[in-house]
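Hi,

Here is the structure I said I would pass on.

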Amino acid sequence: MRVTNGMMVNNLLRNLNRNLSKMEKTQQSLSTGKKFANPSDDPIGVSRSLRLNTEVSTMEQYKRNADDVNSWLTTTEMAISNITDILSRAKELTVQAVTETNSIDERNSIGEEIKELRNQLVQIGNTTYAGSYIFSGYKTDKPLLSQDGRYDVGGGTNEITLDEVIEVNIGVGDRIGENIVGQRIFGLYISGADLDKTAADSLKQQPEINSGDSSQLIAVFDKLISDLSSDDTNGISSALSRIEGHADNVNAIRAEIGVKTNRIELTTNRIQDDTLNLKDLLSKNEDADIAEVITNLKMEEYVYKASLSGGAKIIQPTLVDFLS
Amino acid sequence: MRTTFGSFNIATSGLFASQRSLDITSHNISNSNTEGYSRQVALQRASTPIYGDTTGVVGTGVETYDIIRMRSSYLDTKYWGQNKTYQEWSVKQEQLETLEGVFNEPSDTGVRKVMDEFFTALEELSKQPGDSTCRVAVAEKANMLTTTINRNGRELINAIRDANFSVKNKVSEINSLAEQIASLNKNIFGFELGGSKANDLRDQRSVLLDQLSSIVNITVNEIPGPNGNNYMDVKIGGITLIDHINYNKLTTKDEDVTGITDLGGGSISKVVWDGVENQEVKIEGGELRGLLAARDGDGEGYNYRGIPYYLNKLNEFAKCFTESFNEQHKKGVDLQGDLGQNFFYEPVNPGDPEVNCINFKVDPDITADTNTIAAASLENGESNNGNVKLLIELRNETGMFSSLKGTPDDFVKSLLSALSVDSSQAKRMTSNSQALVDQTENRRISESGVSLDEEMTNMVKYQQAYNASVRMITTLDGILETTVNRLGLVGR
C-alpha cells in the first residue's frame with residue numbers, strides 16, 4: 001500500500017482521538033465514582049441499578065414504618081402496664097376493704113383512692129401518641145372516654161368497631177396493626193347487665209361502641225365506689241373477682257402487644273439486613289473499582305503520551321528535511 | 001542524413017518535459033493539504049520518431065501528452081455508499097444521546113426517584129391519614145411526579161422540533177450542493193471537450209459529492225459524451241437530482257401530525273420533490289435519514305424507535321397511571337366523608353384532549369384542598385387508611401398498561417432499557433461504519449494523496465534530468481563550435 005503523509009496524519013489524529021476519548025471515559029468514571037454515566041454505557045447495569053434503588057427506597061420506607069409502629073406499640077404497652085398497676089392496686093385496696101374491719105374514715109379513704117384510680121383509668125384511655133388518641137380506633141383525633149366513664153367519640157352509631165385497626169406496611173404484602181381498639185380493654189356496659197363479665201365477654205353481644213355507651217371496666221369501679229360508700233360487703237367482695245377478670249384480659253392484650261413488638265423487631269432486623277444486601281449489590285453494580293480505574297487511567301495516559309510522542313516523530317521528517 | 005540542429009530539438013524537448021513535470025510536482029506539493037485533492041502525474045512518452053536513411057528509426061525526444069489525476073472512481077463509489085450509513089447512525093446516536101440526557105438516569109432527579117418519593121409520601125400518609133402535613137406532602141410529591149413527566153415530554157417535543165428544523169436545513173443544503181455540482185458539471189464539460197481531464201475541477205466536484213453523500217443516499221453515473229467529455233447524473237432513490245447541468249430541487253411540505261402538533265411540536269416537514277405533487281423523496285441513508293428516523297420513528301412494527309416512540313410511551317404512562325390511580329381513588333372517601341374525586345386531572349368534556357405527558361397533572365381540586373384526598377375506605381374516623389393502602393398497592397399492579405404487562409416501575413424501566421439498548425446499538429453501528437469509512441478513506445488517500453517523499457524524489461529526478469538536458473545543449477553547442485568555427489582552418 002502506498003503510504004502518504006495525509007494518511008499518517010489522519011491515522012494519528014484518529015488514534016489520538018480514540019485514546020483521548022477512552023481517557024475521558026475513565027476520568028469520568030474516576031470523578032463520579034460510577035461505572036457508567038449513561039444508560040447506553042451498560043443497559044443491563046442501568047436497569048438493575050434502577051430496580052435496586054427503588055428497592056432500597058421501599059426498604060427504607062418500611063424501616064421508617066416499622067420504627068413508627070414500634071413507638072406506637074411502646075406507648076400502648078406503657079399505657080397498658082399502667083392499667084395493670086392500677087388494677088393490682090385496686091385489688092389490694094379491695095382485699096383490704098373486705099378482710100379488715102375498717103372504720104368509716106378508712107373506708108372513705110379507700111373509696112377516695114379507688115375513685116382516683118378510676119379517674120386515672122379514664123386518663124389512660126385517652127393516651128396519645130404524637131397527638132393521636134391510641135385507643136380510639138380510626139378516630140385518633142377524638143379522646144376515647146369522657147370524665148364520667150362513657151365513650152365519647154362524637155355522634156352517630158357504630159362509632160368504634162373492633163376492626164378499626166390501623167394497618168401499616170412493613171413489607172411487600174406484610175402489614176401489622178399498630179393500635180388496640182379501646183373497648184377491648186374497657187368493655188361495654190349496658191345498664192343492668194352482668195358486671196361479672198370481662199371486657200371481652202361484654203363485647204360478645206354488641207362488639208361496636210356508640211357514643212354515650214358506658215365502659216364495663218369503669219362501671220365495675222363505679223359500682224365498687226358506691227358499694228364502699230354504702231358498705232355493701234357482698235358487693236365489695238364480688239368486685240375482687242371482677243377486677244381480677246379485667247386484669248387477666250389486660251394481660252392477654254399485653255402479651256399480644258409483646259408478640260407484635262417481637263415481630264416488629266424481627267422485621268426491622270430483616271429489613272436492615274436486606275437494605276445492607278441491596279446497598280452492597282447496588283455498589284457492586286454501579287460503583288467503580290477505584291484502584292482499577294486509576295490503573296486503567298495511568299495505562300491510558302501512557303498510551304496517549306506514547307502516541308503523542310510517536311506522532312511528533314512520525315509526522316515531522318520527510319525528505320524535505322534532508323535535501324539541501 | 002541527419003540535420004545539424006535536430007539534436008537541439010531533442011534536448012529542448014527534454015528541458016520542456018522536465019519543466020512540465022517540475023510544475024506538476026510543485027502543484028502537488030502546494031496542494032498536499034487541499035481537501036479532496038488528487039495527486040497529478042504527467043504522462044510522458046517518446047515523441048514520434050522519424051525514419052533515418054540507413055540508421056533506422058531515429059528518436060525525436062520526449063513529449064508530455066497528458067496530465068492525469070490518480071483517483072479510483074471505485075473507491076469514490078464505495079466511500080459514498082459507506083459514508084451514508086455512517087452519517088445516518090452518527091445522527092441517530094446523537095439524537096439518542098439527547099434522549100438519554102432528557103431521561104437523565106441513573107440520577108437523583110429522574111422519573112424513578114420522583115416515583116419513589118411519591119409512594120413514600122403515600123406510605124407516610126397511611127400512618128397518619130388525618131395529618132394535613134402528610135396530605136400536603138402527597139399532593140406535593142404527586143406534583144413533582146407530574147412535572148417531571150411534563151418536563152421530559154416537553155424536552156422530547158423540543159427534540160422533535162429541533163430534528164425537524166435540521167431536516168429543513170439539510171434539504172436546503174442538498175439544493176445548494178446540487179446547484180454547485182451542476183455548475184461544476186458545466187465547467188468540466190467545457191474543459192474536457194478535447195478529451196483531457198479537468199483534474200482540479202473534478203476534485204472539487206468529488207468533495208461536493210462527498211458532502212452530498214453525508215446528507216443523503218446518492219448514485220452517481222458518468223455517461224460518455226460524443227467529444228470525449230462526459231455527462232454526469234446524480235440520483236436520489238432512483239429519481240434524478242442532477243442531470244448534467246440541470247438539477248431538480250427538493251422542498252419540504254409542512255403537515256400537522258397528531259400526537260406532535262397538538263402537543264406543541266409544530267408542523268412536521270415532509271421531504272418532497274419540488275414541483276412534483278406529493279412525490280416523496282425516497283431517503284435510504286445519510287444524515288437526513290437519521291434525522292427522519294429520529295423525528296418520525298414510532299417503533300410500531302418494524303419502525304425505528306425514534307423520539308415519537310418515547311413520547312407515546314410517556315403519554316401512555318401518564319394516561320394509564322392517571323386512570324388506574326383515579327379509579328382506586330374514587331373508591332375511597334375523603335376527610336369530609338365524601339367519595340373521592342379524580343386525584344390526577346382527567347378531561348371532562350368529550351372534545352378535550354386525552355391525558356398525555358404534557359397535560360398530566362394533579363387535579364386542581366386536590367391541590368386546593370388536600371382534605372379531599374380519599375385516604376379512607378369508609379367514613380369512620382380520620383385514621384382509616386384503607387384506601388391509601390390500596391393506592392400503595394397500585395405500585396405492584398401489573399395490569400395497568402396495555403402495551404406492557406408490568407408495574408409502573410417496570411414500565412419506566414422498559415422505556416429506559418429500550419433507550420439504552422438502542423443507544424448502545426447506535427454507538428456500535430456508528431463506530432463500525434466509521435471504521436469502514438475510515439478504511440476506505442485511507443485507501444483513497446493512499447491512492448490519491450500527496451506523498452512528500454515521493455514528490456521530493458520526483459523533484460530531484462526532474463531537476464537532474466533538466467540539468468542533464470542543459471548539459472546536452474552545452475555539449476551540442478561545443479560540437480557546433482568545433483564544426484562551425486574550427487573546421488577547415490588547417491593551413492590557413
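Predicted model: local features only at pLDDT ≥ 70, side-chain atom pairs only at ≥ 80, totals over all residues.

**Where the chains meet**

Chain A puts 41 residues into the contact, and chain B puts in 42 residues. If you want to find the chain A side by eye, look for helix H1 (5-32), helix H2 (43-99), strand S3 (167-171) and helix H9 (319-322), each of which supplies at least two residues to the side that touches chain B. H2(A) gives the largest share of that side, with 12 residues. As for the kinds of residue on the side of chain A that touches chain B, there are 18 polar, 14 nonpolar and nine charged ones.

**A hairpin in chain A**

One of the pairs here is Gly171(A) with Asp174(A), the latter in S4(A). S3(A) and S4(A) make a hairpin with two residues between them, and in the turn Gly173(A) has a positive phi of about 70 degrees.

**Two helices in chain B**

Over in chain B, helix H4 (residues 132-191) packs against helix H6 (residues 286-296), with the axes 9 Å apart and an angle of about 155 degrees. Because of that angle, H4(B) counts as roughly antiparallel to H6(B), the cut-off being over 145. The crossing of H4(B) and H6(B) is left-handed.

Which residues meet there? From H4(B) they are Ile160(B), Ala163(B), Asn164(B), Ser166(B), Val167(B) and Lys170(B), and from H6(B) they are Glu287(B), Leu288(B), Leu291(B), Leu292(B), Ala294(B) and Arg295(B). Sorted by class, the contact of H4(B) with H6(B) has seven nonpolar, two polar and three charged residues.

**A sheet in chain B**

Chain B also has an open sheet of four strands, in the order S5-S6-S7-S8, with antiparallel pairing. Strand S5 (219-224) and strand S8 (246-247) of chain B are at the edges with a single partner strand each, so one side of each has no neighbour in the sheet. Inside the sheet, strand S6 (residues 230-236) of chain B and strand S7 (residues 239-243) of chain B run antiparallel and are joined by four bridges.

Best wishes

Terms used. Residues numbered from 1 in each chain as written. Chains lettered and ligands numbered in written order. Contact = placed C-beta atoms within 7 Å. Nonpolar A, V, L, I, M, F, W, Y, C, P; charged D, E, K, R; others polar. Axes fitted to C-alpha atoms, helices over the stretch in contact; angles between N-to-C directions. Parallel < 35°, antiparallel > 145°, perpendicular 65-115°, else oblique. Left-handed = near helix turned anticlockwise from the far one by under 90°. Pairing = 2+ DSSP bridges.
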